[in-house]
Amino acid sequence: MNTMSLAVLAIASSLAMLLTSPAPTNIQTIPLISKETDNVVWDQHAVNWLLEAQSPNGGWGAGSHSYQNVTDPHAVQTDPATTAFAAMALLKSGGPLKSNPYQKEITNALNRILKDIDGRPDNGRITSLTGTQPQVKLGIHIDASMALQFLTDIREQINDSVQEKEIDQAAEVCIHLIQGSQNADGGWAGGGWAPVLQSAMANNALEGAQERYVVDEKAILNSRQYQADNISETGVRSEDAAGVPLYAAASAQRATSAEAREMESLMTPGQLAGFSSGKIKKDEIIKDLETKGVDRDNAERLVKSYEVNQSSTKTLQSDDIWNGFGNNGGEEYLSYMMTSEALAQQGKDAWLKWRQSIEPKFKQSQNPNGSWSGQHCITSPVFCTAAILQAWHAGL
């Protein structure tokens, strides 16, 4: 594994996280199930582990970056980012909330997040916790981004006027904080070790929220531009991705997928094939989009998003790029999730083909107790397991 220079964090904050945690329990008591029989078994085994890992307060925690060796999920303090991320995994794994077999656990997680946001400090974030693994690696605003994604996903499935109002208020808080922390270049402040990943999650959160809530369209456009700029004709620019092309390629693919699909809906298959092969020039495509009512600036942006999406998708088809540091950390698993989401937007066939190709890697890296753990950076089994489950179920 490559040697990485990691930020030095306040030991006092990390100690506080451990000292205020509930007493550890032995997560290894989950019955072992063979993961080689069929897809349902290994997938369900992971869900079972995640259910057992939930704290009595409704949350989940990834733990402190300064104590990455603490992998027992009951020996760490819960945090909003990990709680939202795990709850999204259960929501995707079990289907619509009304019939979801994990409805109780998801609802408990929702209540935990609403409580966290309601009692947030005046620090520009939704938590006073510092030094968590997601924050150090993905950025200090990752809690609001992940919370917003979960709140948006579950809002459509809630049928209680009081709770609907609470979710709407919490979501608007997250939107305000996310937009307020965006940099001029379209990325996000306090981006941690791999800033491009925090920016990707913020972008996803705002995209998902804009159908229901008031979101600054300029913030999304600037974010997409930031992601797209990491892919060029000369390859992947990974300066903001901790030098790992996988992170930048997966982020760019996910951030440009919506606009790439929009352009595809406006073009004929013949035009797309001609553009991809170079037989039809970019200016011709832009002019054609203008004849269909798309203004020049938007037409140029759609074409660039399509180019970047195609390029990043091609880059991610290389076996070499999936190696990351030669082994997997939570950032790799997060990249798998974003790739799965982007391919699901391309269509069922593309997603199923990728899903089939990645399944052996998922099975091989799964722990005997059903979880996944990171071998570097984000080591939290809760975070890693939630990412894999979301990658597996993204297109269902």
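Colleague: What does the accessible surface of the protein chain come to, and what percentage belongs to carbon and sulfur atoms?

Modeller: The accessible surface is about 16600 Å², and 49% of that belongs to carbon and sulfur atoms. Such areas come from the Shrake-Rupley method with a 1.4 Å probe, and for residues only the protein chains shown count as cover. Please note that this is a predicted model: local features need pLDDT of at least 70, side-chain atom pairs count only at pLDDT 80 or more, and totals for chains, interfaces and linings use all residues. Residues are numbered from 1 along each chain as its sequence is written, and side-chain values use heavy atoms, with hydrogens and water left out.

Colleague: How many helices and strands are there?

Modeller: The protein chain has 16 helices and two strands. These are DSSP runs numbered from the N terminus, with helices being H or I of at least four residues and strands E of at least two.

Colleague: And what percentage of the residues count as buried?

Modeller: Of the 396 residues, 56% count as buried. Buried means under 20% relative accessible area, exposed over 50%, and partly exposed in between, with a 1.4 Å probe and protein chains only. As for contacts between residues at least 6 apart in sequence, 73% join residues at least 24 apart; a contact means heavy atoms within 4.5 Å.

Colleague: Which residues line the largest cavity?

Modeller: The lining consists of Leu 221, Arg 224, Gln 225, Ala 228, Glu 259, Arg 301, Lys 304 and Ser 305. Helix 9 (217-228) and helix 13 (296-315) are the elements that give two or more residues to this lining, and helix 9 has the largest share with four. By class, two lining residues are nonpolar, two polar and four charged. In this scheme Ala, Val, Leu, Ile, Met, Phe, Trp, Tyr, Cys and Pro count as nonpolar, Asp, Glu, Lys and Arg as charged, and the others, Gly among them, as polar.

Colleague: Is Glu 259 buried or exposed?

Modeller: Glu 259, in helix 10 (residues 245-266), counts as buried because its relative accessibility is 1%.

Colleague: Which side chains make polar contacts with the side chain of Glu 259?

Modeller: One is the side chain of Arg 224, at 2.9 Å, and another is that of Arg 301, at 2.6 Å. A polar contact is a pair of N or O atoms within 3.5 Å; within protein, one must be able to donate a hydrogen and the other to accept it, and residues adjacent in sequence count only if both atoms are side-chain atoms. Not counting residues up to four places away in sequence, Glu 259 touches Leu 221, Arg 224, Arg 301, Leu 302 and Ser 305.

Colleague: What about the lining of the second largest cavity, by class?

Modeller: That lining has six nonpolar, three polar and one charged residues. Among them are Gly 61, Asp 72, Pro 73 and Val 382.

Colleague: Now the largest pocket: what is its volume, and which residues lie nearest its centre?

Modeller: Its volume is about 680 Å³. It is lined by 26 residues, of which Asp 153, Asn 204, Gly 208, Arg 254 and Gln 345 lie nearest the centre. Helix 8 gives the largest share of the lining, five residues. The lining divides into nine nonpolar, eight polar and nine charged residues.

Colleague: Where is Leu 206 placed, and what does it touch?

Modeller: Leu 206 is in helix 8 and is buried, with a relative accessible area of 0%. Leaving aside neighbours within four places in sequence, its contacts include Leu 148, Ile 175, Trp 188 and Ile 220.

How values were computed
On a 1 Å grid over the protein atoms alone, a cavity is a set of points where a 1.4 Å probe fits but cannot get out, and a pocket is an open set with protein on both sides within 12 Å along at least five of seven lines; lining residues have an atom within 4 Å of a point. Grid points are joined across faces, edges and corners, and a volume is the space filled by probe spheres set on the points.
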